[in-house]
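Here's a look at charged side chains and how they pair up. Have the structure open while you read.

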Amino acid sequence: SDIKGTDWFYLDVAKSYELGLMEGRGNAIFDPNGSVTVAEAITVAARIYEIASKSETKIGTAAEGDAWYKPYVDYAIASGIIKSDEYADYNAKATRSVIAQIFAKATPEGFLANINKFDGLIPDVKTTDAAYNAVLGLYNAGILTGVDNTYKFNPDAEIKRCEMSAIINRIAMPASRIKVASK
């Protein structure tokens with residue numbers, strides 16, 4: 001009920017929901033401008049990996065008393081998406097950099113073909129940044145295109161739910177990836 005057909009992210013939200021990769025907040029609310037927690041990002045990444053890798057191993061269910069996200073975190077650790085000691089607080093708000101690192105590891109080898117050639121020229125991501133390879137790979141695959149026409153990534157900003165749904169859609173549906181002019 002909080003998304004209109006004219007919103008830039010309408011189709012991305014609809015598709016990520018239809019594919020079972022992202023859910024609303026309940027009561028017919030998606031909260032498109034709401035923040036994303038690290039746990040939510042890992043949950044989506046685990047779902048992407050489970051589908052894309054055609055893994056025999058399936059995401060489990062939370063035992064009584066466990067945090068809702070524990071099965072997704074366990075699956076992500078077992079699948080190599082994250083390390084067991086990588087995140088101290090799963091309820092922390094995820095940054096764009098964190099999302100890039102998690103999602104880049106959630107796709108099997110060769111799943112993200114290059115359609116762009118950025119040659120490492122992302123204005124606000126240094127080659128020494130921990131997320132550099134992930135961000136560059138997602139730019140070259142057409143998953144990320146930046147926040148403006150200079151291709152800035154804004155790595156330390158919190159990511160919005162609508163932005164994450166666009167990223168999810170581009171990962172899941174290659175036809176939705178964005179080819180940019182030569183960089």
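Arg-25, Asp-31 and Glu-40 are joined in a network of salt bridges. A salt bridge here is a side-chain nitrogen of Lys or Arg within 4 Å of a carboxyl oxygen of Asp or Glu. Side chains of opposite charge can pair when their charged atoms come close. By this rule, the count is eight salt bridges.

A quick word on where this comes from: the model is predicted, so local features need pLDDT of at least 70 and side-chain atom pairs count only at pLDDT 80 or more, while totals for chains, interfaces and linings use all residues. Residues are numbered from 1 along each chain as its sequence is written, and side-chain values use heavy atoms, with hydrogens and water left out.

Here are three of the pairs:

| Pair | N to O distance |
|---|---|
| Arg-25 and Asp-31 | 3.5 Å |
| Glu-86 and Lys-105 | 3.9 Å |
| Lys-117 and Asp-119 | 3.3 Å |

Now for accessibility: buried means under 20% relative accessible area, exposed over 50%, and partly exposed in between, with a 1.4 Å probe and protein chains only. Arg-25 is partly exposed at 38%, and so is Asp-31 at 29%. Glu-86, at 28%, is partly exposed, and Lys-105 is partly exposed at 38%. Lys-117 and Asp-119 are both exposed.
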